[in-house]
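Keep the picture open while you read.

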Amino acid sequence: MFLLAFQAANEAAPRDAAVFAMLACSTLFNAGFGATRLRGMPRRPPRVAVIATLVLAGLTIVGNVGVAGALGHLDPGLTSTILQTQVFVVGVGGWLFLREAITPAFWVGAVFAVAGFAVIAIDDPSEAKIELLGVLFALLGALGFGAMLVYTRKVIAEIDPVGVNVARLALAVLVMGLYLGPTGGLAAIPAEAWAMTALAAACGPFISRLCLMFAVRHISASRAKLLTLSTPLFAFALEVAFLGDIPSLRELGGAALILAGVVVPVVSGRSGRRDPRTTG
């Protein structure tokens with residue numbers, strides 16, 4: 001739902017203005033939800049929550065700067081594919097900082113999934129515009145978003161995800177507002193774009209991000225990230241249901257690769273748990 005709504009918003013407003021509007025709406029949604037949970041919460045947030053807010057806000061800005069910079073030098077399909085390499089950032093980061101085991105099945109699944117994204121996103125590889133600076137920006141975005149998940153997994157037991165999400169979004173909106181205000185970018189957001197960004201905010205940085213933050217309380221960061229790569233499967237289904245668009249054979253082939261990349265590690269993990277001698 002987020003992808004469909006944000007795509008419509010980008011058609012009605014400049015990309016940086018649409019991102020700002022989406023984050024602003026998401027801040028309001030999260031703040032409203034957080035207000036229902038104030039009873040019983042400490043008046044002064046713990047130190048770890050303050051640090052987590054600053055770190056996650058910084059990584060949010062880094063990720064969005066990387067995406068915006070990449071789109072100035074690469075086509076959206078290639079940018080999207082490079083951003084999916086964050087699954088490797090999460091895997092390695094989880095191993096280094098969280099002591100999460102990485103199975104061979106995870107690497108196999110990650111390669112399949114990223115290959116599936118490449119098949120879907122890049123229509124004609126020979127015509128893909130590749131610039132080194134754009135690739136570096138895209139990798140910066142992947143690093144920022146991947147590090148967010150790893151860090152969230154590290155501190156999730158010590159923070160309130162709703163409160164931290166509100167604060168980190170508010171900081172990101174403040175920084176973007178200070179940049180867009182003097183440039184006149186905020187005036188470029190028409191009413192229909194606000195409506196679409198509000199829907200995108202509800203489905204993305206609000207509901208989806210909170211679900212992901214709560215998910216890493218129970219599963220590893222690498223597995224959580226791998227499962228999120230199934231997004232195109234839902235996007236295709238929604239396009240058929242609401243827009244009547246039928247995916248091409250190339251898109252279906254890419255989706256099949258992504259599905260295989262998600263299923264292989266999950267099935268391998270289940271079979272491993274049946275064997276008491278397996279410790280991975």
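The buried residues of helix α4 pack against α3 (47-71), α5 (86-97), α6 (104-121) and α7 (132-155). Here, buried means under 20% relative accessible area, exposed means over 50%, and partly exposed is in between (1.4 Å probe, protein chains only). Helices (H or I, at least four residues) and strands (E, at least two) are DSSP runs, numbered from the N terminus.

This is a predicted model, so local features need pLDDT of at least 70 and side-chain atom pairs count only at pLDDT 80 or more, while totals for chains, interfaces and linings use all residues. Residues are numbered from 1 along each chain as its sequence is written, and side-chain values use heavy atoms, with hydrogens and water left out.

Which residues of α4 are buried? They are Gly77, Leu78, Thr79, Thr81, Ile82 and Leu83. That's six of the eight residues in α4 (residues 76-83), so the rest of the structure largely encloses this helix.

Now for a salt bridge, meaning a side-chain nitrogen of Lys or Arg within 4 Å of a carboxyl oxygen of Asp or Glu. Searching the whole structure turns up one: the side chains of Glu100 and Arg153 meet at 3.1 Å, N to O. Glu100 lies in the loop between α5 and α6 and Arg153 in helix α7, so the pair ties together parts 53 residues apart in sequence.

| Residue | Relative accessibility | Counts as |
|---|---|---|
| Glu100 | 10% | buried |
| Arg153 | 25% | partly exposed |

Zooming out, the chain has 12 helices and zero strands. Of its 280 residues, 42% count as buried.

How values were computed: Contact means heavy atoms within 4.5 Å.
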